[in-house]
Amino acid sequence: MRVPAKLNLQLAVGPPRADGYHDLVTVFHAVSLFDEITARPAGRDGVSVTGEGADRVPEDGDNLALRAVAALREAAVPASPADAGGVHITIAKRIPVAAGLAGGSADAAAALVACNELWGTGLGQPQLLEIAARVGSDVAFAVLGGTAVGRGRGERLTPALAPATPYHWVLAFADGQLSTPAVYAALDRLRAAEAGAPAAKRRAAEPVLDAALMSALRSGDARQLGRALSNDLQPAALSLFPALRKTLAAGIELGALGALVSGSGPTCLFLAASADRALDLAASLSGAGVCRSVARATGPVPGAAVVPAAR
Ligand code: C5P
């Protein structure tokens, strides 16, 4: 299986809910930075991880991919009691860990789709999306891929109707990580401080889909898209990781059409006008010493998909 990283082209965050989550309106966009996952029958469930940041991925029941396997088994076993044996998942990571690119969610989505194939469970995409949403807020999108509007925790998805324009992205990976719950908590604190009231007393506005962003996507106009990128979590991520300001500023100075912290960060994303511009921007950014490393990616790309096993 191959499964893509996600960017949020818009991430509008509402007030905290009673369950600790925040209502979102987000525009997800899958890009060509992939983890590779295999699933093989085994005596009992297990996972092994290699590649980018592998030492920071849990290999026990906390692993999101194993949670996805368990969730599928629970949902599917009544229908096919004979088959759902153990499974060993191997994950070759290229999506950095805790980077705002939903790498863990991607692996969970791939494990879900892989076990659905392996066990011949035969669940359709709507059922897989429902199970995915229970595993994590971003898992359903990694099953779907493309460009899609997410609501609720981000798990209620509507594919964006847009021409198949490829966009050229440069990703700047940071030297460090950010914890998603910590960034959401920092946003709540920043908003409370702005309002001069304790967090409990103030409600952030309900999130709204950005019409300018959707219009840019419909027209396939990269310049317009670059101007419309937005992320409510960005000030919170910058407050916890101030060095990212320099990274964003460097990208804009080097001619990016738009620059944004990706999700809860600390990866920064930059939109380039063409594949050649992306190549130049990636080279200049990596020379500027404002990040750990850079990668180029195009989007949108499909969600978790079976690819022939490597020989
Ligand atoms: O759903 P997931 O496990 O990916 O979310 C990780 C954490 O991110 C949550 O525990 C919560 O603190 C925060 N979160 C949130 N609102 C969302 C999605 C995530 O507060 N819509």
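Where is the place of A98 in this chain? The place of A98 is in the loop between strand 4 (86-93) and helix 2, where helices (H or I, at least four residues) and strands (E, at least two) are DSSP runs numbered from the N terminus.

## About the model

This is a predicted model, in which local features need pLDDT of at least 70 and side-chain atom pairs count only at pLDDT 80 or more, while totals for chains, interfaces and linings use all residues. Residues are numbered from 1 along each chain as its sequence is written, and side-chain values use heavy atoms, with hydrogens and water left out.

## Backbone features

Most residues other than glycine have a negative phi, and most peptide bonds are trans. A98 has a phi near 50 degrees, a positive value in a residue other than glycine.

The bond from G265 to P266 is cis, with omega near 5 degrees, and P266 lies in the loop between strand 9 (258-261) and strand 10 (268-272). A cis peptide bond also joins G299 and P300, with omega about 0 degrees, and P300 belongs to the segment after strand 11 (293-299).

## The ligand and its shell

Around the ligand stand G20, Y21, H22, L24, G136, S137, R153, T180, P181 and Y184, a residue being near a molecule if one of its heavy atoms lies within 4 Å of it. By class, this shell has four nonpolar, five polar and one charged residues, where Ala, Val, Leu, Ile, Met, Phe, Trp, Tyr, Cys and Pro count as nonpolar, Asp, Glu, Lys and Arg as charged, and the others, Gly among them, as polar. Strand 2 (22-42) and helix 5 (180-195) each supply at least two residues of the shell, and helix 5 gives the largest share, three residues.

A polar side-chain atom of S137 lies 2.5 Å from an oxygen atom of the ligand, and a polar side-chain atom of Y21 lies 3.5 Å from an oxygen atom of the ligand. In R153, a backbone N or O atom lies 3.1 Å from a nitrogen atom of the ligand. Taken alone the ligand exposes 450 Å², and the protein buries 76% of that, with accessible areas coming from the Shrake-Rupley method with a 1.4 Å probe.

## The largest pocket

The ligand sits in the largest pocket, which is to say that more than half of the ligand's atoms lie within 2 Å of the pocket's grid points. On a 1 Å grid over the protein atoms alone, a pocket is an open set of points with protein on both sides within 12 Å along at least five of seven lines, whereas a cavity is a set of points where a 1.4 Å probe fits but cannot get out; lining residues have an atom within 4 Å of a point.

The volume of the largest pocket is about 1000 Å³, a volume being the space filled by probe spheres set on the points. Its lining has 43 residues, of which L64, S105, D138, T180 and P181 lie nearest its centre. This lining divides into 20 nonpolar, 15 polar and eight charged residues.

## The cavities

A search of the whole structure finds two cavities of 30 Å³ or more. The second largest cavity has a volume of about 40 Å³ and is lined by P4, A5, K6, A30, A102, D138, F141 and A142. Strand 1 contributes the largest share of this lining, three residues.

Notes. Polar contact = N/O pair within 3.5 Å; in protein donor to acceptor, adjacent residues only side chain to side chain.
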